[in-house]
Amino acid sequence: MIKNDFILQMKDISKHFPGVQALSNVNLNLKKGEVLALVGENGAGKSTLMKILLGVYQPDAGDILIKGNKEVVHNPNTALHKGISMIHQELTLISQRSIAENIWIGREPKASIPCFINWKELYNKTEHLLESLELDFNPRKLVRDLSVAGQQMVEIARALSYNAEIIIMDEPTSALTEVEVERLFRIINGLKSVKVSLIYISHKIDEIFELADRAMVLRDGQNVGEQEHGQFDKKNLISMMVGRDITAFFPKKKLPPGDVVFEAKNLRIKGSFENISFKVREREMLGIAGLMGAGRTEIVRAIFGIDKLDSGEIYLNGNAANISHPHQAIQKGIGFIPEDRKKDSLALVRSVKENISITILGEFCRKLFISKSAELNNCQNMIKLLSIRTPHYNQLVNFLSGGNQQKVVLAKWLSTKPRILILDEPTRGIDVGAKAEIHRLMSNLAEEGLAIIMISSELPEILGMSDRIIVIHGGRIKGEFSREDATQEKILECAVGN
Amino acid sequence: MISTEARQRIGNILYRYKMILILLAIVLFLSIASNVFLTSGNLINVVKQISVISIVAVGMTFVILTGGIDLSVGAVLAVGGVIAARMTKNEIAPLFVVILTACATGGVLGFINGTLVSRLKVPPFVMTLGMMSIARGISYVYTEGRPIVNFSKNFLFIGQGSIWVIPMPVVIMLSIVVLGVIVLNYTKFGRYVYYIGGNTEAARVSGINVEWILTFVYTLVGALAGLAGLVLTARLNAGQPQAGLSYELDAIAAVVIGGTSLSGGIGSVSGTLVGALIIGIINNGLNLLNVDPFYQLIAKGVVICGAVILDTQTSIKGK
């Protein structure tokens, strides 16, 4: 039977969670040495399907066949033993331990004395592994001292160290620069040549077309279709993903800019950034480009009052503003959407409604008490405005997909009716459909008079959305461009410091 | 045949009211096992027994909801109790001033806890552990190790009187519980408490003054502990420096059994009341069934473990 070709078959998998049918009769077949791209909007069921494969969840129905044999994957440990390993979207490293310890955790080489670790061998093994991946890290270095991109590479190294036959990668390039992405692709091609099979989950369609042998689309927990390497068709793929045609990705808005509403002068935090000066006008979008770790997030966190500035001034509508706490920033009409929504923006165990209203709770209060109707009104408006997909407004945010969680974050900040909106990587890890929605929203907001500051590591996004672009390198502004002048090359050059 | 949807609905209801159902199950069992249990005299007794700890437990709910903990409440309770004792014994001031002073003293100690936890980032466990010793020391120093006894009828009414058939400690407890429920569910402050427990950093970025709220929460539990100390003193007709020993554990037990998560963000005051009732009723039941008092300690521990196991196994945080 042709079954020998398939190293993995997931047949008719169904899974249900309180309030939502996550997967219905989903089929996935993976050939040996194949790179299968798993594509779909947030909430389509990709993560759930992979978690079932990994043994994190058990399916309600359906079978998993590995190398033709029916298997039950009880937990991730079992999965590892059966040759399945995963590199998660969210990093799972122990930041206070070294790279070597993280990679080999649970499998440390034993010393001659029982129960003790052979450290020398541990570090040796790690060095070899890192070398084979072109990584220049000291195996003793603590994970927390690495950049986000560096940590992601360590995750990849760890997954590879299991010599798995099936490797799942979930948005592996979301935190990587172009250079690092090239490196990853080389590694993946290397794996293919030794017959390792990969399931590659990503929203970056161009990457998928470059890398994958096949692309499989999920929508609303069901199979929709597939494309093979020779016949990759972006438009068709996207319409399979969203169920409708998407035309413009980055609605270019050419709006007459208004007055200067925001001015930063000589902002400085020792060790993070200095000499940061820029202006933003009404109806204008300022894009902040640069590599990871350049200091962009630190700049906006200081502007918003989360971190304290060492020196520098901020002017709002020409008036000097002293912002030492996010509360003041909000009062002055600034909204901030942080880079890491789970860490900095959402209380996952609280409901959609509570997360949306937390920023403006005061407005719903008469004396000390919350007016539930006013709160609910705002919440429902926001859900409608942003097309947040949730079974109910009391649903815990934890259960929403990544894209919808990001929409909740947006909702909570739009509720404050800001005049200046700062977004840090607003569409990272979000599917094409939601991305376009968010871009459209940003355009509309600009049209209504908002000044928008957007940090992004995706050059097409920066180039397509911004009216003006500043490029940060090593904590300083290395380049400034208007939309007309900017090109990918120019921005990259500044970003790497030329 | 029950449809999957119906089964899920039932499952959801069972989950949300699981502690109350357990409480009812225990009540049912005990009313069969003992013919004294369901009498009004006995039931009133049970509620009276849990009232002092419940006052503290309401405050503890707030603290644990923020993701913190307060181990000093038993000791602070003692301080409140002995200060109230001496004040009322020496007839320095009218009753309501005595009450205010007991609360204020507890509040000050709580304020210190809150300030150091929120601004100096001392871990709550460590901070309140230290305060536990300090406060206990204060109560011994203040009383020179001896109980203060014999108070006026007015004062004793708080601990031993009743309104209709409801004992005063219970009246006070219920008032505090109702206030707690209202504050947590209907006020901005209550919502902030939940959110801080859900994600402290996100709360800060959302504009909440986390430091202030945390300080206030610890002050609140301190004040409630002071009040509880006063009520206990009135009940026992004695202000004892060793009062409230291990009350912090009982309060935490009630909170946890009642469904509040130790990591914060999830829970309720009404749950805490149910938790306190479960503990109280089990103790009472074991008494009525003539079980050795030492076994009651074990029983309490089993209930706590059982509640936490039930919670983690059915947790909505994710399977």
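Chain A contains 17 helices and 22 strands, where helices (H or I, at least four residues) and strands (E, at least two) are DSSP runs numbered from the N terminus. Please note that this is a predicted model, in which local features need pLDDT of at least 70, side-chain atom pairs count only at pLDDT 80 or more, and totals for chains, interfaces and linings use all residues. Residues are numbered from 1 along each chain as its sequence is written, while chains are lettered from A and ligands numbered from 1 in the order in which they are written.

I begin with the overall form of chain A. With 498 residues, a compact globule would have a radius of gyration near 23 Å, and the 24 Å of chain A agrees with this; the radius is taken over C-alpha atoms, and the globule rule is 2.2 Å times the number of residues to the power 0.38. The C-alpha trace of chain A spans about 70 × 50 × 50 Å along its principal axes. Of the 498 residues in chain A, 48% are buried, that is, 20 or more other C-beta atoms, placed from the backbone, lie within 10 Å of the residue's own.

Next, the contact between the chains. Chain A contributes 27 residues and chain B 23 residues, two residues being in contact if their C-beta atoms, placed from the backbone, lie within 7 Å. On the side of chain A that touches chain B, the elements giving two or more residues are helix H10 (326-331), helix H11 (341-344) and strand E18 (369-370) of chain A. The largest share of that side, 3 residues, comes from H10(A).

Leaving aside neighbours within four places in sequence, Leu224(B) is in contact with Ile55(B), Val56(B), Val58(B), Gly59(B) and Ile176(B).

Finally, why is helix H12 (residues 247-257) of chain B largely enclosed by the rest of the structure? The reason is that 10 of its 11 residues are buried. Its covering includes helix H2 (18-33) and helix H14 (293-313) of chain B. Just after H12(B), Gly259(B) takes a positive phi of about 105°.

Conventions:
Buried ≥ 20, exposed ≤ 12 C-beta atoms within 10 Å, placed from the backbone.
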